[in-house]
Amino acid sequence: MTTRRPIHLEALTIQFDERFQLNNINWQIEPEQHWVITGTNGAGKSALAAVLAGAGERVSGSLSGLPARVGVVSFEAQAELIEAERKKDDADILDVISEGTPVHEMLFKDCADPATARDLVARFKLEYLLDRAFRKLSTGESRKVMLIRALSSNPELLVLDEPFDGLDVDTLSMLQAYLATLIETVPMVLVLNRFDEFPDFITDIAYVNQGELQLQVKRDDPKAYAELYQLLHLKTTQLAVPPADPETAIPALDPAQPLVHLNGVSIKYDDKALFSDLDWTINPNQHWQLSGPNGSGKTGLLSLITGDHPQCYVNDIFVFGFKRGSGESIWQIKQFIGYVSSALQWEYRVGTSLRNVIISGFYDSIGLYSKYSDRQRQIADQWLALLGMSHRADQPFNKLSYGDQRLLLIARAMVKHPPLLILDEPCLGLDDMNRQLVLALIEKICAGTETAVIYVNHHPEDRIEGIENYLALNAPTPTQ
Amino acid sequence: MPNNYFNTLPLREQLEQLAKCRFMDISEFSDGVSALKGKKMVIIGCGAQGLNQGLNLRDSGLDVSYALRQAAITEKRQSWKNASENGFTVGTYEELVPTADIVLNLTPDKQHTSVVTAVMPLMKQGACLSYSHGFNIVEEGMKVREDLTVIMVAPKCPGSEVRAEYVRGFGVPTLIAVHEDNDPKGEGLALAKAYAVGTGGHKAGVLMSSFIAEVKSDLMGEQTILCGMLQTGSLLCFDKMIEEGVDAGYASKLIQFGWETVTEALKYGGVTNMLDRLSNPAKIKAFDLSEELKVIMRPLYNKHQDDIIDGTFSRTMMEDWANDDKNLLGWRAETAETAFEKTPAGDVEISEQEYFDHGILMVAMVKAGVELAFETMTAAGIVADSAYYESLHETPLIANTIARKKLYEMNATISDTAEYGCYLYNHACLPLLADFMKGIKTDVIGRGLPVDDNGVDNARLIEVNTALRSHPVEAIGAVLRGHMADMKKIV
Ligand SMILES: NC(=O)c1ccc[n+]([C@@H]2O[C@H](COP(=O)([O-])OP(=O)(O)OC[C@H]3O[C@@H](n4cnc5c(N)ncnc54)[C@H](OP(=O)(O)O)[C@@H]3O)[C@@H](O)[C@H]2O)c1
């Protein structure tokens, strides 16, 4: 094995064309590593792979250690080759209709390693089309030709973008096995969408989102690996937010009335006011971001709305058609609200199953104390499918990771499709991966339902698409 | 001097009242809080029960305010703060009681005679007076004005639990009763049911009982297994470990958190489950120890029950009340001076299983205490359901308090009445077990059985398992936990 050096991308920003740019990529590929780049469609994973093949225009940052011979297979490279073939035809001035370059010439002319090429032709069973013109091949056939070309080019780096796409089962396992024989000789970067296609020799995974390399996960870190799987599932699933339960539908509200109207409210302890004389009106379907430093009373304010703060009875509060303190029960209020916070998560230390936690959202309870309907069970199962947790439906909630618990509590809050969803610092205490997961779920919810969202957050980077109203609380005042 | 109400009844009626207890079906609560809707509820006292019951009732859409004694208002005492910071209307008896449709007396039992005497003349014609414990009616023979309805709604948990479970959307098991001498309009039961719904109790299970059954079983449970046994057990086990050279910090921790850990197993599957957590040899050991303990302690349990039934207990305690609590305060100070109380828990890791393995004697004590209390209560005519709640069910709740701050916390959390009874039990039980403790070594408390021999005799094991499973407290426990589990899918 030749001594190889790492490939190093540092703060690299690369422009592809007007529409696409990769931003601030920091990435190191060690010689003995084999990477998968993954992400949703349009996230930039093919672009990142293409950078390794020299594509794109560097805006800033640096790229070093790229070897001279990079074997590339991708749709783009394939399209380029076919396009080039077509151009050759057009340029042909002879009367005879050109057949284009035959496959054997594509494979063996200028081939660095004809023995390998021959071997692979046999493995792919391509002998029958060696004499055909390259541009006449089907997509699958020309993809195989591309693969053979890349593998027989004595590559120092292999960049294979969706190499398994369109291959039948036998060919796929043949190719996987073949690649496995190369791991000592050449580092590989594969772009793959499906976790089940990740070859066993992969050591590292890069997750690309919105033109950024957001997460790097070691294959042998099972927890991070499982979370990445879940994230990709949430990002790519076709599943929509499950419907509400028609039998336990929340009573209809007057659409002309605000959901919440706080009139000059305050919270006071002893001589100290947390905040005072505050007005806030939340209309149906209106999204709000609530911000303010620690101790400014964000959670207190929210608990006036949810009825969890005892002083809601001494303030002028109108919620969901009720004037507070007029004989309504808190359960009549809570039925209109979905609520998630880390405090709730502390409260929710129950050993009940994941499915039951979601169902408990229909009853606004912590734990499940009611007999539920088959329909509610079905809806809970649909949520679990959306979260990629179907196989864990019967596991105990308190054994879940912190981030998974958060996801589940968001689903619990949304299961009844409340007119108001309160997310009190939903990303608090979560690592990057889980933040991505939670944000992916929230985006899914915001896009698919008619719920007004109140989003409380410190981190400006955790912004959510579609929030147009802002309320900021001030730091607490020492007296009155 | 007070007149013991129970003792004025003919035997026939005493037995009938003691045996009153029925687990109510959830469908009996379908009217919700409607019987109290729009009525004015005035709570006297804003302590553990007063505040938390009031918060629940208000959150259930009911009209709640607090009448406090003048001094509490003027001095802005904790009770005043509790009520006003939570946004309740607070006033004097004169201001609020005359407007009340129902007065909830949630002051300490010791004060009930003076409180009720002060409040009753202010109550409007045909109103309702409610208690969360029947001591005043049963033991002191309080005579309530004939036009007033008298009910009891007694949550079987400390006030903080009453609130916490409600907020979760659940409730705590609750006992309700109507004082038959005071139900002029026949509305007592409807009011008690609505009140139980307002606190969330109906979701966790309600026992329809009598003032008498509640008092006689509640007193018995709290003085013996719930508080007395845990106190005596703590002191004996700790002193034994020290005597045998176990590290003091370890010994202190093993006991402080051991009760909580081993009795947690009761919640899931009763005494059987608690013993099933032990290895086979340890289980047989615990069983044998508890059989021995039961023989030694049975006369003491009988005496407690007898004194409770015939009023001796309440009479002597009330004598102490009249004597400025001289005994109670003295015994409280004595407890604070015990070696266990004064040794802080060490900074050592003890795994959940180790609490069982090294606490075989503690397991045996809990088993003996639960079974004796249950057997004694049912022998006195108390129905098994009641006896279960007042013994096995509440044991883990009390054990939690020891985990927080040892015996001090337990005795501070429970009522003065329970505390008084607990010391009585402890004083009698310590000498009673002195001989027994001489034979105890660290294999059953502190270090665990030697691991080299894990074998047991099959026939003996089967015998022990059968005995465990066939105890009557296990049968009723399975039924009542089943009711709970039906409603409460989590444990
Ligand atoms: N603790 C339990 O686990 C439990 C469970 C079930 C039922 N209960 C029953 O609930 C009732 C209340 O017990 P608790 O534990 O809630 O008592 P607590 O916490 O001691 O509270 C008693 C309240 O009554 C007030 N108070 C004391 N002496 C008074 C007097 N002479 N006149 C007027 N108010 C007085 C106190 O306020 P000020 O001193 O500031 O006036 C305090 O707010 C008792 O009947 C008890 O048996 C208790």
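Student: Which residues come nearest to the ligand?

Tutor: A residue is near a molecule if one of its heavy atoms lies within 4 Å of it; of the 22 residues around the ligand, those that come nearest are Ala48(B), Gln49(B), Arg69(B), Ser79(B) and Asp109(B). This is a predicted model, in which local features need pLDDT of at least 70 and side-chain atom pairs pLDDT 80 or more, while totals for chains, interfaces and linings use all residues. Residues are numbered from 1 along each chain as its sequence is written, chains are lettered from A and ligands numbered from 1 in the order written, and side-chain values use heavy atoms, without hydrogens and water.

Student: Which backbone atoms lie by an oxygen atom of the ligand?

Tutor: A polar contact is a pair of N or O atoms within 3.5 Å; here a backbone N or O atom of Cys46(B) lies 3.0 Å from a ligand oxygen, one of Gly47(B) also lies 3.0 Å from a ligand oxygen, and a polar backbone atom of Ala48(B) is 2.9 Å from one.

Student: How much of the ligand's accessible area does the protein cover?

Tutor: With accessible areas from the Shrake-Rupley method and a 1.4 Å probe, the protein covers 79% of the 890 Å² that the ligand has on its own.

Student: What should helix α14 of chain B span?

Tutor: Helices are DSSP runs of H or I with at least four residues, and the expected span is 1.5 Å times one less than the number of residues. The 31 residues of α14(B), 280-310, should therefore span 45 Å, and the end C-alpha atoms are 43 Å apart, which agrees.

Methods:
A polar contact is a pair of N or O atoms within 3.5 Å; within protein, one must be able to donate a hydrogen and the other to accept it, and residues adjacent in sequence count only if both atoms are side-chain atoms. Helices (H or I, at least four residues) and strands (E, at least two) are DSSP runs, numbered from the N terminus.
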